[in-house]
Amino acid sequence: VPGAHRDDEPTVTTTTTPTITTGAGAPLDYGAPVLVVLTTPDDPVGRPFPAGQGTAEAVGVDAGRVLAAERARGDAGEVVAVPLGRDGGPDRLLFLGTGNGEAVALRSAGAALARRAAAAGRATVDARGLAAAALGAFAEGVGLAAYAPAGPKASKVLTEAVLVVDDPAGPGVAEALARAGALARAVHVARDLVNTPSLVKSPAWLADQAALAAAAAGLDIEVLGPDALAAGGFGGIIGVGAGSSRPPRLVRLTYTPPPAPGAARARHVVLVGKGVTFDSGGLSLKPAVPMAGMKTDMAGAAAVLATMTALGTLRCPVKVTGVLCIAENMIGGGAARPGDVLTTWDGTTVEVLNTDAEGRLVLADGLSYAAATLAPDAMVDLATLTGAISIALGRRTAGLFSSDDALAEALAEASRVAGERVWRLPLTEEYRPALDSAVADLANVGKALDVSGGSITAALFLREFTAGVPWAHLDIAGAARSDSDDGEISKGGTGWGVRTLLAWLA
Ligand code: BES
Ligand code: MN
Ligand code: MN
């Protein structure tokens, strides 16, 4: 196929994350075109960090005068740029606000720097005065925002930042930077996978990318192709993929933690990802406008895969199995028809009333298979499942559903720490009869009872396949894609979920 993937393109991720290093000594020694002095809020205007005062003076700038003249407040991510005209020195001095100094603020300060210094490519930051954790959050913001999709129109991104600190060998400094780097790389992997057009991103391609990533990260992997899926009874994945000339896959990835000295058996978490490489809606065809973004419909699988690539680096203490449910939802002579009844992996029969409610069909197989064969202590699925979730919560917040309060709280807390946003929604029991079917165990859309609440009935459908295992579902249909660069989020695939999962697991 012209333009499709060639076998000699083995890379999992085509973009690179910036090199972020620490240094001691004078910020001017590093010769970057952009020099950064951090500021903090004060009354009536912000003030520079103590060390930064001298750094500004060294390039002939009176920080107090500039900040007062600009009425700079020192808010997180605020940038005041001062052009410098001297030969041999930096081209610009940026005063960069750090707000209240907490992780969220430092992340957005880092992101603001990455965007403002993108064209220049390199920056030196006078980061003296930041503790290790703050430094890590700052580096995370830089790494997350220094992203642009590869390709002929790739825009320039910041490639190198030196953070000048009091002591690069100080407690926690190297670890914080390593962690930030691993995290940013993982998010970039997820974004690259989401941003890849579906012409290239067939189910086989996505499974191949998983294999490459697994090899690089030292994960065990098993890939089930169409024959193994049919033989294994994966009727949901087979049914969704039946309209495509490019058959489905199920990928299982395993991360085994290093043995903890004298500890009991490690807990086992299963992550299940919706990997619909393109969602045309199937015979219940989508209109043109909503179909246009549907290369994103594998963002759940991308987040699971990307998360797993970082577990080793972050020395995650729990055993993690990733299950990617991969299919292309297309029209065609073999496609499932509205009214067809599929039998999922666990023998549940499902009446397909709408072929566009396909995510729950592939996840039904993945969840029930995982619950029955992998003995998980908890299962979490990520899926671009319902358009309704962005009506409820907007485009920057994922919906969280869970059968287990402790698991829900742990994930919500992880998302807060990580700088992503979730909001828990109920599994309203009274809505469950909406999924009743006259001809099968379940219908794939809530039609039997007029309750609306499409994200809730979708979650209730998934719950049927969790076999009592503590389970949480993240509906990322709104958050997985952004129409613009926004702080550490980038236009296109956002990589939503990687940060939350890593914070939770690690
Ligand atoms: N992949 C879509 C959900 C989606 C919508 C993701 C918008 C990203 C942006 C999903 O497969 C779907 O089509 N859901 C239907 C469910 C309906 C048929 C019950 C929807 O949301 O309209
Ligand atoms: Mn759909
Ligand atoms: Mn879909």
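A residue is near a molecule or strand if one of its heavy atoms lies within 4 Å of it. Around ligand 1 there are 15 such residues, and Lys286, Asp297, Asp356, Glu358 and Gly387 come nearest. This is a predicted model, in which local features need pLDDT of at least 70 and side-chain atom pairs count only at pLDDT 80 or more, while totals for chains, interfaces and linings use all residues. Residues are numbered from 1 along each chain as its sequence is written, chains are lettered from A and ligands numbered from 1 in the order in which they are written, and side-chain values use heavy atoms, with hydrogens and water left out.

**The manganese ion (ligand 3)**

- Its protein donors are Lys274 (NZ), Asp279 (OD), Asp297 (OD) and Glu358 (OE), at 2.0 to 2.4 Å.
- Donors here are N, O and S atoms within 2.8 Å of the metal (3.2 Å for Na, K and Ca); water is not among the atoms, so sites may look incomplete.
- Six donor atoms surround the manganese ion (ligand 3), and their angles of 78 to 173 degrees make the arrangement octahedral.
- Six donors count as octahedral if opposite donors are over 155 degrees apart and all others between 65 and 115. Four count as square planar by that rule, or as tetrahedral if all angles lie between 85 and 135 degrees; anything else is irregular.
- Ideal angles for six octahedral donors are 90 or 180 degrees.
- Along the sequence, the donor residues of the manganese ion (ligand 3) are spaced K-x4-D-x17-D-x60-E.
- Aspartate 279 sits in strand β10 (residues 268-279) and aspartate 297 in the loop between α9 (288-291) and α10 (299-310), so the pair ties together parts 18 residues apart in sequence.
- Helices (H or I, at least four residues) and strands (E, at least two) are DSSP runs, numbered from the N terminus.
- Aspartate 279 and aspartate 297 are both buried. Buried means under 20% relative accessible area, exposed over 50%, and partly exposed in between (1.4 Å probe, protein chains only).

**The manganese ion (ligand 2)**

- The manganese ion (ligand 2) and the manganese ion (ligand 3) lie 3.2 Å apart, bridged by aspartate 279.
- Aspartate 356 is partly exposed, at 22% relative accessible area. Glutamate 358 is buried, at 1%.

- One oxygen contact, at 2.9 Å, is to an N or O atom in the side chain of aspartate 279.
- An oxygen atom of ligand 1 also lies 2.8 Å from a side-chain N or O atom of glutamate 358.
- A nitrogen atom of ligand 1 is 3.4 Å from a polar backbone atom of leucine 385.
- Taken alone, ligand 1 exposes 510 Å², and the protein buries 72% of that. Accessible areas come from the Shrake-Rupley method with a 1.4 Å probe; for residues, only the protein chains shown count as cover.

**Strands**

- Strand β11 (residues 319-329) is mostly covered, with ten of its eleven residues buried.
- β10 and β11 pair in the parallel sense over eleven bridges. Two strands pair if DSSP finds at least two bridges between them.
- Valine 276 has alanine 327 as its bridge partner in β11.
- Strand β9 (residues 249-255) pairs with β11 in the antiparallel sense, over seven bridges. There, leucine 324 of β11 is the bridge partner of valine 251.
- A three-stranded open sheet runs in the order β12-β13-β17, with mixed pairing. Its edge strands, β12 (341-343) and β17 (442-443), each pair on one side only.

- Helix α15 (residues 498-505) is largely enclosed by the rest of the structure, because seven of its eight residues are buried. Among them are Arg499 and Trp504.
- Aspartate 450 is found in the loop between β17 and α14 (454-463). Aspartate 450 is exposed, at 79% relative accessible area.

Key. Polar contact = N/O pair within 3.5 Å; in protein donor to acceptor, adjacent residues only side chain to side chain.
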